[in-house]
Structures are given as C-alpha cells and as structure tokens.
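Keep the structure open while reading.

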Amino acid sequence: MSTTTTTTAVPATATTAQKLPHVLPTAFKHPLDPLTPDEIAAVTLTVRHYITSKPELASIKAVKFITTYLLPPPKKAVLAYLGIPLAPGEKPELPIKIIRKAEVDFLDVVNGFSYNVILSLHTTDKWSVDTCEKLPEGVQPQISVEELFECEEVIKADKKVQELAAAVGVLPEQIFCDGWSIGYDERFPQKKRIQQALIFARFSEHDNLYAHPLDFVAIVDTGHKEVLQIDFPPHYKATTNGPVLSVPKTQMPPLSDPEESLKMSNRDRIPPPRKAFDFLPDLMAETAEVLGPAGEKPKEKKPFKLRDDIKPLHIVQPEGVSFKMDGNELEWQNWKMHIAFNHREGLVLSTITYNDHGELRPIIYRLSLVEMVVPYGAPEYPHPRKFAFDSGEYGMGTMANELSLGCDCVGQIHYLPGSYVSHSGAAVVIKNVICIHEEDSGVLWKHTDYRPGGRSQTTRRRRLVVSMVCTLANYEYIWNYHFYQDGSIEIDIRLSGILQVYVQQPGEPSPFGTTVAPGVNAHYHQHVFSFRVDPMIDGINNSVVEQDIVPLQGDKSATGEDNNFAGNAFTIAETILEKETARAYDFAKERRWRITNSARKHYASGKDVGYSLSLKEGITPMMARADGWAVRRAGFTRYPMWVVKDVEGPKGGRMWPAGKYVPQTREQQEDSVESWVEGGLDVKDEDILVYMTVGTTHIPRPEDWPVMPVEHMSIAIKPTSFFDQNPSMDVPGTRDGRSVSAFSGESVSGGSCH
C-alpha cells in the first residue's frame with residue numbers, strides 16, 4: 001500500500017510538518033489533553049498496519065489521512081478523575097480507568113471511499129484498532145489544507161484556464177485561486193471530491209491578489225486532479241427599469257465546454273482590474289496614488305507614509321503574570337480550566353470551575369465553536385454556491401495562525417502549541433497557536449460617597465484572554481474567550497481580513513453587493529456561528545430558563561388603572577424548558593436565557609443557582625429562505641438557542657450542529673441539532689447541551705477595502721444567583737504609580753481611588 005506524503009510546513013500557518021519517528025511515546029497528564037504529534041504519528045502508523053493486515057481491505061492501495069484527534073472519554077469518568085462532583089453537596093465519584101482513544105478519517109485514494117477508524121491505547125505505546133467503518137458512498141470528511149493547495153496547483157496547470165486567463169491579459173504564472181467547498185451543485189456526483197476555484201491574478205510577488213478577480217469560476221476534482229467545469233457568471237446591465245441580469249434565469253446552466261458556458265452567460269469577457277490595492281507597507285509605498293472621481297484615471301501620485309505621531313504604548317507586568325499553567329491546565333483568579341486544540345474546533349475550553357472561597361464549583365464542562373456558515377446573497381449562478389462551513393468543511397484548527405509575540409498578543413504571553421494530521425500521517429505542528437495573557441479592562445466596580453468627607457473605592461478590572469486567530473483564505477477570524485474576576489465569561493468574535501470579491505464591468509450596477517473599488521464588487525453576505533456549551537452549573541443535571549421582560553398588563557392596559565396607575569411597571573415572565581427545543585429571540589421582550597441547577601438555591605433571591613446567556617450583541621436573522629440551499633444544510637441558523645439532551649455513545653456525545661460530515665451535503669443531516677430536537681427528550685434537570693447561534697450581516701463598505709477594520713460581536717455568560725454577592729469584592733483597589741499627567745505642567749491632583 002502506498003501513501004501520499006508531504007513534510008512541508010503550511011505557509012504562514014504551521015511551524016513544521018513532523019517526520020514519523022521510530023519511537024512513538026505517549027502519555028497524558030489530563031484525560032482531555034489533545035493527541036501529541038508523536039501520538040498522531042503512532043495512531044496513523046497503526047491504521048496503516050491494520051489496513052495491510054486485513055484481506056477485506058486489500059482493495060485500499062493508497063490513503064490520505066484527513067483527521068486524527070482525541071476521542072474524549074466519557075464525561076463522568078473525566079469528572080471523577082479530576083475530583084469534580086456531579087451534584088451540589090456530593091462527593092466526587094470514585095475514579096475509574098480511562099482508556100485513551102483516538103478517531104481517524106482517511107480517504108481510499110484509488111476507489112474514492114472514506115473510512116472512520118476508532119483506536120484505543122491499552123499500554124503506554126501500543127495503539128490498537130477497535131473499529132474500521134467504511135462510510136456510505138458520497139459521505140465526505142473535511143477538506144484538508146493540502147487539498148486546498150492541490151486545487152490551486154490544478155488550476156495553474158490547466159491549459160484551458162491558462163487560455164482563458166491569457167485572453168484577458170493574465171500570464172500562467174500570474175494565476176492564483178482560493179479553493180472553496182463546492183457548497184451545493186447537483187450537476188456533480190457526491191462521490192467525487194470536488195472544490196470550486198475562485199480565481200485571481202497576482203501581478204507581483206506579494207501583490208494583493210483579491211484586487212484582481214478573474215471573470216470565471218472553475219470546478220476541480222482534487223482526487224483526479226482535473227478541471228471538470230468552467231462557469232462564467234452572468235452580469236447586470238443598467239436600464240431605466242433598474243439592473244437587469246444578462247440571462248433570464250439565475251439557476252445553474254447545464255454542464256458545457258467553456259465556449260458554450262461563456263455564450264450562455266450572454267456577456268463579454270471582463271479583464272481583471274489592474275490597479276494594486278496592497279496591504280503591506282512597502283508595497284503600498286510603491287503603488288500609492290490619489291484616486292479621481294469614479295470612471296476617471298488617477299491624476300497624480302502621492303507618496304505613502306505611515307503615521308509617525310503614535311507614541312509607544314507598552315503593557316508591563318514587572319512581577320510576572322497572575323496565572324499558572326500545568327501542562328494544558330490553567331489557574332487564574334479562582335478560575336481553573338483545561339485548554340486544548342483540535343483540527344475542527346481549534347481552541348477548546350473544558351472542565352471550567354471556580355473556587356468560591358474554598359468550594360470547587362463546576363460551571364462548564366466544554367465550550368467551543370462547533371460550526372459556522374458564511375452564506376452570500378447574490379442570486380445569479382454560480383455565486384449561490386458560496387456558503388462555506390468554515391469549521392465543518394475545513395476545520396478551524398487547520399486554518400489557525402502561528403501567532404507572533406508583540407503583534408497578535410501584547411504583554412507577557414504564554415503560548416500553547418497545536419497539531420493536526422497531514423495526508424502522510426505525520427503531524428503538522430503549529431508552535432504558537434493559542435495565546436494566553438492578561439489585560440486591563442477598565443473599571444471593575446466603583447462607588448463614591450458624594451457627601452462631604454465621604455470616601456470612595458475604585459477597583460480596576462483585569463481579564464484573562466485565551467485566544468486564537470484563523471485565516472480562511474481571504475478572511476481572518478479572531479476568537480477571544482475572556483474570563484473576569486467577577487465570575488463572568490465573554491465570548492468575543494472578531495472579523496477582519498479581505499472581502500470576497502468578484503470582477504465587475506465598468507458602470508455595472510451591483511444590486512447584491514458594494515463596488516468597493518473600480519471593477520471590484522463585494523457581495524453582501526453573513527457570518528453565522530454556532531457555539532456549543534456543555535454546562536455543569538454546580539453539577540451535570542441542569543435546566544434552561546427562558547426569561548422575558550414584559551410590561552405589566554391590566555384590565556384596561558392603560559395608564560390610570562389601579563394596578564399600574566403611572567403606567568411604568570414591568571416584570572419578568574420565566575419558563576423552564578421541559579423538552580428538547582429551539583427558541584427564537586424576541587427583541588420586544590428582550591429575551592434571555594439562564595442555565596440553572598434546581599438542586600441548589602440562592603440564600604437571598606431563593607432562585608436556582610445559575611448562569612445567564614446574553615446573545616443580544618450577536619443576534620442575526622438568517623436572510624436566506626427557509627427552504628433554500630444554505631438553510632437546508634445549516635439548520636442551526638434557524639434559531640439562536642437550541643437545547644438538547646447530551647447523549648453519549650461509543651463515539652462520544654452530540655457535537656456537530658450541522659452534522660459530522662459536512663462537505664458536499666445537500667440536506668439536513670440525521671446527526672444534527674435540527675434532527676435532535678425532533679426527539680423531544682427531557683431537558684429539565686438533565687445532562688444538557690446548549691447551542692447558541694450568533695452572527696453578523698455584512699453589507700461591505702468601501703472603508704472595508706482593501707483590508708477591513710475589525711468588526712466584533714459577543715456572547716455574555718454571567719453568574720445569576722450563583723454567588724452570595726459580587727465575587728470580586730475581594731479584588732484589591734490599586735493606584736497605578738506609573739500613571740502620570742499626559743502633558744508637563746498639568747496638575748495631577750484629584751479624587752482618591754480608595
């Protein structure tokens with residue numbers, strides 16, 4: 001049996017690709033520690049030996065490994081190992097033996113099938129195969145980083161692509177492309193492993209290629225390394241009745257050769273815009289110019305100059321950081337958690353607890369991004385295929401950046417490495433993939449007794465930041481998990497990078513996009529994220545309470561009635577969710593949700609202890625139709641809140657809201673959150689999962705070009721009747737002795753901090 005091999009690092013992402021060692025040691029300090037690079041190599045070597053030893057697998061002549069990752073142990077076993085109780089007031093369960101397991105997806109290169117393998121580690125260095133399952137025909141595991149590069153190689157080498165590029169002034173060596181999932185296209189069989197190639201020109205070595213989109217899109221079979229189809233999207237013409245498309249229908253045309261495809265689009269070829277829009281300072285200095293009015297040529301050159309009026313701003317911790325690390329476990333300001341990395345979720349936080357004056361209180365068992373989709377809004381073919389599942393189709397971990405000290409994270413930084421599998425079975429290692437540091441975050445709490453002689457107290461807020469940055473072709477996603485001294489958590493999502501663009505004819509209207517530069521059209525689109533919370537609020541049996549804020553209604557519902565004379569009264573209406581369900585957001589009622597444990601009450605409020613979830617800053621309705629391609633595949637986008645029971649099996653618990661195997665799917669998956677809620681299982685006082693859907697609708701601005709300023713949204717997770725009082729009252733107030741007046745001669749006297 002042969003195998004495809006590579007030992008090259010992934011540019012700008014991976015530090016190195018590991019070579020298979022002769023000795024394959026393995027061990028773990030924490031049962032949720034991710035597979036080490038050596039373990040990845042040992043696991044894939046075991047799979048390779050297993051394939052060659054089984055006559056029923058003799059047809060497999062070559063393999064490509066796609067995923068290799070830890071299969072987490074059962075939840076109760078992990079909690080027992082860590083000494084975390086399952087319910088308030090109870091002792092932890094007695095530890096049991098934990099068998100370390102791994103899960104692998106690989107491709108049968110010759111025959112085109114996919115396989116899933118489960119392995120167990122029964123000795124310190126010996127893995128064995130438990131199951132090897134051939135997946136149904138057409139089921140595709142994730143698209144690998146290497147396949148994305150292979151797509152570009154196929155495009156650059158294809159003679160027809162070269163001819164089409166040459167016809168609009170682009171040389172073969174100037175052709176580049178971003179490989180994307182096919183999205184949805186019934187013209188191609190699901191068994192083929194295919195991508196759509198969004199093609200650009202690059203006119204100098206580090207030129208911003210997105211400024212030069214070409215006017216056709218190719219379909220590539222990466223398994224057989226061939227171009228299957230070239231589509232020419234139609235274009236809009238300005239008329240007195242508004243924009244009119246060059247074709248009568250927006251649906252996909254039949255498969256055809258490029259000449260016929262161009263003819264069916266009913267428009268002429270469009271050369272790519274030539275003007276450079278670079279983002280590297282040295283290149284911007286070479287190409288800077290003053291732009292004239294739309295349609296006119298620039299009239300003069302203007303030197304590019306970086307701002308020189310920014311004084312240094314340093315973050316200094318002369319006595320070191322306030323957090324401690326023990327392998328992948330972190331402790332900070334009463335918080336304790338496990339931090340891990342895997343190919344699909346990237347950054348994963350687990351076993352999050354809080355030390356409440358000596359009592360270990362569990363809060364969240366596992367927290368991570370588990371899916372996202374980016375649907376675009378242009379209806380004309382082939383643009384509706386653009387709705388990438390950046391987590392399920394590619395993997396956030398495989399797209400993670402190698403972080404740079406003093407750039408991506410500032411101050412005193414601790415990094416954690418990450419690794420994922422290459423086609424060959426060796427580990428691709430990202431040295432600094434997870435960043436951990438502290439930040440000042442303004443005032444934590446303050447009060448001043450305003451009376452003469454009164455005193456004041458100001459306590460500044462510090463937060464712990466656990467973060468990761470991912471590059472998905474043109475876009476950057478920055479994932480920040482903030483932990484605060486008042487027991488609250490914030491998920492902060494930030495977006496940057498370069499808009500996904502398409503070429504535009506001079507004067508062409510753009511009803512579904514913004515012309516961000518001459519000839520460059522950025523389509524309207526959305527970013528919709530699904531975060532999975534596996535809660536353990538004082539134990540694993542929890543409930544979700546839905547809270548609405550409602551005006552007090554009376555007999556007359558009018559000011560002047562007896563029970564609300566001034567018309568000012570409002571109260572809350574709470575409902576405990578009893579069965580698996582999806583819930584809509586209600587802006588009129590400022591709806592929110594709370595995860596609670598009925599086995600413990602707050603001493604003063606009398607309410608069940610809990611943590612509230614506020615999604616208000618990220619609530620975004622899905623703009624695609626409910627029966628459209630995007631929503632049929634991404635059912636999790638229909639609602640912002642999903643509550644289901646966690647059901648553990650041989651391959652772990654419920655994980656992926658759009659299904660485990662996402663590429664090239666066309667309908668709702670059986671193993672998806674939309675299907676789970678149909679089961680109607682009890683979720684009151686049960687081991688539950690909460691899926692939160694947040695997002696943003698991006699109407700591009702010219703100010704987002706060539707690189708967009710960071711846009712962000714957040715989810716707040718706050719204690720509600722969980723602590724006796726503000727848990728940060730014991731945070732000392734400090735006066736920063738290094739704070740001085742901004743300008744000489746100014747008085748620095750004023751009020752006191754404390």
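## Salt bridges

E574 and K607 join through their side chains in a salt bridge, 3.7 Å from N to O. This pair connects distant parts of the chain: E574 sits in strand β31 (residues 570-576) and K607 in the loop between β33 and β34, 33 residues apart. The model is a predicted one. E574 is partly exposed, with a relative accessible area of 34%. K607 is also partly exposed, at 32%.

How many salt bridges does a search of the whole structure find? The count is 46. Three of them are set out here.

| Salt bridge | N to O distance | Relative accessibility |
|---|---|---|
| E574 and K607 | 3.7 Å | E574 34%, K607 32% |
| R600 and E359 | 2.7 Å | R600 23%, E359 31% |
| R632 and E667 | 2.8 Å | R632 21%, E667 41% |

Take R600 and E359, whose closest N and O atoms are 2.7 Å apart. R600 belongs to strand β33 and E359 to strand β19, so the pair ties together parts that are 241 residues apart in sequence. R600 counts as partly exposed at 23% relative accessibility. E359 counts as partly exposed at 31%.

R632 and E667 meet at 2.8 Å, N to O. R632 is in helix α8 (residues 629-633) and E667 in the loop between β35 (641-645) and α9 (673-676), so this pair ties together parts that are 35 residues apart in sequence. R632 is partly exposed at 21%, and E667 is partly exposed at 41%. Salt bridges with shared partners also join D356, E359, R361, D538 and R600 into one network.

## Strand β34 and its partners

β34 covers residues 608-614, and six of its seven residues are buried. It pairs with two strands described here. Strand β33 (residues 592-601) runs antiparallel to β34, with six bridges joining them. Within that pairing, N597 has V609 of β34 as its bridge partner. β33 and β34 form a hairpin with six residues between them. In the turn, G606 has a positive phi of about 80°.

Strand β37 (residues 708-720) also pairs with β34 in the antiparallel sense, over five bridges. Here Y611 stands opposite P719 of β37.

Which residues touch the most other members of the largest nonpolar core? They are W479, F529 and F531, in a core of 91 residues. Strand β19 (residues 359-375) supplies the largest share of this core, six residues. Nonpolar side chains in soluble globular proteins tend to be buried together. Beyond four places in sequence, W479 touches residues including L369, M372, M396, F529 and F531.

Helix α2 (residues 75-82) has K75, A77, V78, L79 and A80 as its buried residues. Their cover includes β18 (346-356), β19 and β29 (525-535). G83 follows α2 and has a positive phi, near 75°.

## Annotated sites

An unreviewed UniProt entry places the feature "active site" at D390 and Y475. The two span 86 residues in sequence, yet no two of their C-alpha atoms are more than 10.4 Å apart, so they gather at one spot.

Are these two residues buried or exposed? D390 is buried, with a relative accessible area of 6%. Y475 counts as buried at 3%. D390 lies in helix α7 (residues 390-394). Leaving aside neighbours within four places in sequence, D390 contacts E371, M372, V374, G395, M396, L472 and Y477. Y475 lies in strand β24 (residues 475-484). With the same exclusion, Y475 has contacts that include Y376, C470, H525, H527, H698 and M708.

The unreviewed UniProt entry also places "domain: Copper amine oxidase N3-terminal" at residues 141-234. Over that stretch the chain is 22% helix and 32% strand, and its end C-alpha atoms are 32 Å apart.

## R385, a buried arginine

R385 is in the loop between β19 and β20 (387-388). R385 is buried, with a relative accessible area of 1%. Its side chain makes polar contacts with the side chains of Q196 (3.1 Å) and D231 (3.2 Å). Beyond four places in sequence, R385 touches residues including I182, Y184, D185, R187 and M252.

Conventions: Residues numbered from 1 in each chain as written. Predicted model: local features only at pLDDT ≥ 70, side-chain atom pairs only at ≥ 80, totals over all residues. Heavy atoms only, no water. Core = buried A, V, L, I, M, F, W, Y, C linked by side-chain atoms within 4.5 Å. Buried < 20%, exposed > 50% of the residue type's maximum accessible area, 1.4 Å probe, protein only. Helix = DSSP H or I, 4+ residues; strand = E, 2+ residues; numbered from the N terminus. Contact = heavy atoms within 4.5 Å. UniProt positions renumbered as here; feature names shortened; annotations may be inferred. Pairing = 2+ DSSP bridges. Polar contact = N/O pair within 3.5 Å; in protein donor to acceptor, adjacent residues only side chain to side chain. Salt bridge = Lys/Arg side-chain N within 4 Å of Asp/Glu carboxyl O.
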